[in-house]
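These notebook entries set down what I looked up in one structure. The sequence and coordinates come first, and my entries follow.

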Amino acid sequence: MQGDTQESRGASNGLRAQSAPRLLKAACTHSAHPAQLVFIPIVMLDTDKSLDRSPPDDAQSPRGSSTDLDRQLELDGVRKFNRLGWKRLTVVLFVEAIALGSLSLPAAFATLGMVAGIICAVGIGFIATYASYEVGAVKLKYPEVENYGDIGRLLLGEWGFWLVTVSFMCGMLLNVGSHCLTGTIALADITRSDICGVVFGAVSAVVLFVLALPPAFADIAILGYIDIVSILVAIGITLIATGIQQSKQPGGIQSSDWSAWPAEEIDFSSAMVAINNIVFAYSFAIALPSFMSEMHTPKHYVKSVCTLGVFQTFLYTVIGSVIYAFVGKSVQAPALLSAGPVVSRIAFGIALPVIFISGSINISIGVRYIHGNMYRNSLVRYVNSKRGWITWIMLVAVCTTISWIVSEAIPVFTTILSISGALLNSGLCYYVPSLVWFFLVREGSWYSRRNWRRALMNLFVFLFGIGVLGCGMYANIVVLIRETRDGVSGRPFACSKS
């Protein structure tokens with residue numbers, strides 16, 4: 001009899017343990033009004049001693065104990081980080097993807113020529129969109145994946161996690177560094193003052209830090225609408241201004257010196273750096289697992305990826321080809337500098353939101369990556385407690401500072417994009433997603449009737465990524481040495497930027 005009682009009690013506890021996650025999920029799905037939730041005094045949020053352990057069963061603690069606080073914090077945290085739908089995901093991806101990369105495309109077209117530029121813009125856009133689809137497929141098959149590092153762990157174990165983590169963070173820091181550098185160039189161009197560029201760089205870093213403080217991507221998506229309007233208006237002004245500017249030249253627009261083919265003096269290294277910049281412009285797969293972790297319906301990511309891919313490819317092709325056709329071989333990077341001294345100041349002023357908002361979301365991606373792994377099994381990861389906010393703010397400050405140092409150490413816009421594109425994005429956005437399909441997503445043999453087309457596509461993506469890595473890094477080294485020798489590139493921590 002006693003054994004039956006113990007068995008019944010154990011079964012009851014087991015049933016309660018199994019139903020708890022379902023209750024939590026149901027509560028999040030129905031999104032109960034805050035007034036219906038248990039009231040918790042704000043002073044209790046400072047009680048962080050219990051945050052590093054999982055809440056025990058209800059039967060093991062009295063009502064009103066720290067367990068109730070733990071459950072409330074977890075419920076609030078899950079709700080806070082589970083609000084992203086596919087439309088907001090599209091906005092967040094737009095903010096993360098369509099920013100500085102678009103401003104380097106006309107200069108890339110000037111190096112490659114119109115024909116090769118259009119082929120690269122469309123072709124790389126298709127490859128990047130497909131690779132991003134494969135990254136999302138991993139998240140659907142392995143729901144426990146919360147960021148790109150978890151994919152590395154699935155592929156190669158613990159050292160794979162750290163390899164991907166280092167690559168991921170370096171890529172994010174270089175990306176934010178390019179935003180910080182562009183902010184420096186923009187502020188210097190707008191003010192036309194004698195203030196040292198290092199000061200403008202510090203100001204840019206502070207703005208990036210403040211905008212990166214919101215921890216949830218759904219909150220940042222609100223700023224994304226401002227970002228989208230900012231970049232589209234700035235690009236539109238640049239397109240119109242460069243067209244009017246060229247029409248006033250003798251011979252009109254027909255007098256532009258654009259060419260369908262690469263210039264004879266262009267060598268392999270210069271052409272490869274231009275391709276690296278296009279690769280960088282399409283690199284949005286890195287952040288996709290992190291974004292999908294906050295989606296309430298992750299399978300809808302396909303809508304976001306396809307929408308962004310089509311729009312991004314169209315926009316990049318138009319920006320690169322039209323501005324290059326108007327300005328010709330003298331087009332600058334960022335492209336806003338080619339709009340003339342007065343209009344470029346206006347365009348940069350309008351583009352300031354996209355420079356800083358897009359940069360801040362990349363900081364948030366990197367910090368969410370670190371913070372989420374540091375506190376994977378702790379309520380601190382929800383950033384709704386004193387310790388959560390302190391650690392979050394500290395990580396944002398550290399990442400922003402490192403990115404500012406990077407922007408000062410590599411003060412050339414196209415070079416910093418090219419290094420990131422060849423060394424890091426070639427893997428995380430191209431050849432790693434293809435390996436992911438072969439080793440994690442594929443079901444059945446690769447040469448089966450339903451798999452062979454997808455296998456060939458992933459093999460092509462893999463070879464493309466490896467080619468960008470090898471040839472791209474060789475080109476970066478050659479061009480960086482040449483520009484430093486010829487005095488084309490700026491000096492680290494110098495007052496003037498290029």
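**Entry 1: R450 and its partner.** I looked up R450 and found a relative accessibility of 61%, so R450 counts as exposed; the classes are buried under 20% relative accessible area, exposed over 50% and partly exposed in between, with a 1.4 Å probe and protein chains only. The side chain of R450 meets that of E443 in a salt bridge, at 3.7 Å from N to O. I took a salt bridge as a side-chain nitrogen of Lys or Arg within 4 Å of a carboxyl oxygen of Asp or Glu. E443 has 47% relative accessibility and therefore counts as partly exposed. Side chains of opposite charge can pair when their charged atoms come close.

**Entry 2: basis of the values.** I note that the model is predicted, that local features need pLDDT of at least 70 and side-chain atom pairs pLDDT 80 or more, while totals for chains, interfaces and linings use all residues. Residues are numbered from 1 along each chain as its sequence is written, and side-chain values use heavy atoms, with hydrogens and water left out.

**Entry 3: the chain as a whole.** I recorded 16 helices and 0 strands for the protein chain; helices (H or I, at least four residues) and strands (E, at least two) are DSSP runs, numbered from the N terminus. The chain has 498 residues, of which 53% are buried. It exposes about 21,900 Å², with carbon and sulfur atoms supplying 67% of that area, as computed by the Shrake-Rupley method with a 1.4 Å probe. Among contacts between residues at least 6 apart in sequence, 84% join residues at least 24 apart; contact means heavy atoms within 4.5 Å.

**Entry 4: salt bridges around D150.** My search of the whole structure returned 10 salt bridges. Which residues are linked with D150 in a network of salt bridges? The network comprises E146, D150, R153, E158 and R376. D150 is buried, at 5% relative accessibility. Its salt bridge with R376 has the closest N and O atoms 2.8 Å apart. D150 lies in helix α6 and R376 in the loop between α13 (341-374) and α14 (386-409), so this pair ties together parts that are 226 residues apart in sequence. R376 is partly exposed, with a relative accessible area of 24%. D150 also forms a salt bridge with R153, and here the closest N and O atoms are 3.0 Å apart. Because D150 and R153 are 3 residues apart in helix α6 (residues 148-156), about one helical turn separates them. I list R153 as partly exposed, at 28% relative accessibility.

**Entry 5: α3 against α12.** I then examined helix α3 (residues 86-97) and helix α12 (residues 301-327), which pack at an angle of about 40° with their axes 9 Å apart. Axes are lines fitted to C-alpha atoms over the stretch in contact, and angles run from 0 to 180 degrees between N-to-C directions. The residues of α3 in this contact are W86, L89, T90, L93, F94 and A97, and they meet residues of α12 including Y301, K303, F311 and Y316.

**Entry 6: D189.** D189 is buried, at 11% relative accessibility. Leaving aside residues up to four places away in sequence, D189 touches L337, S344, R345 and F348.
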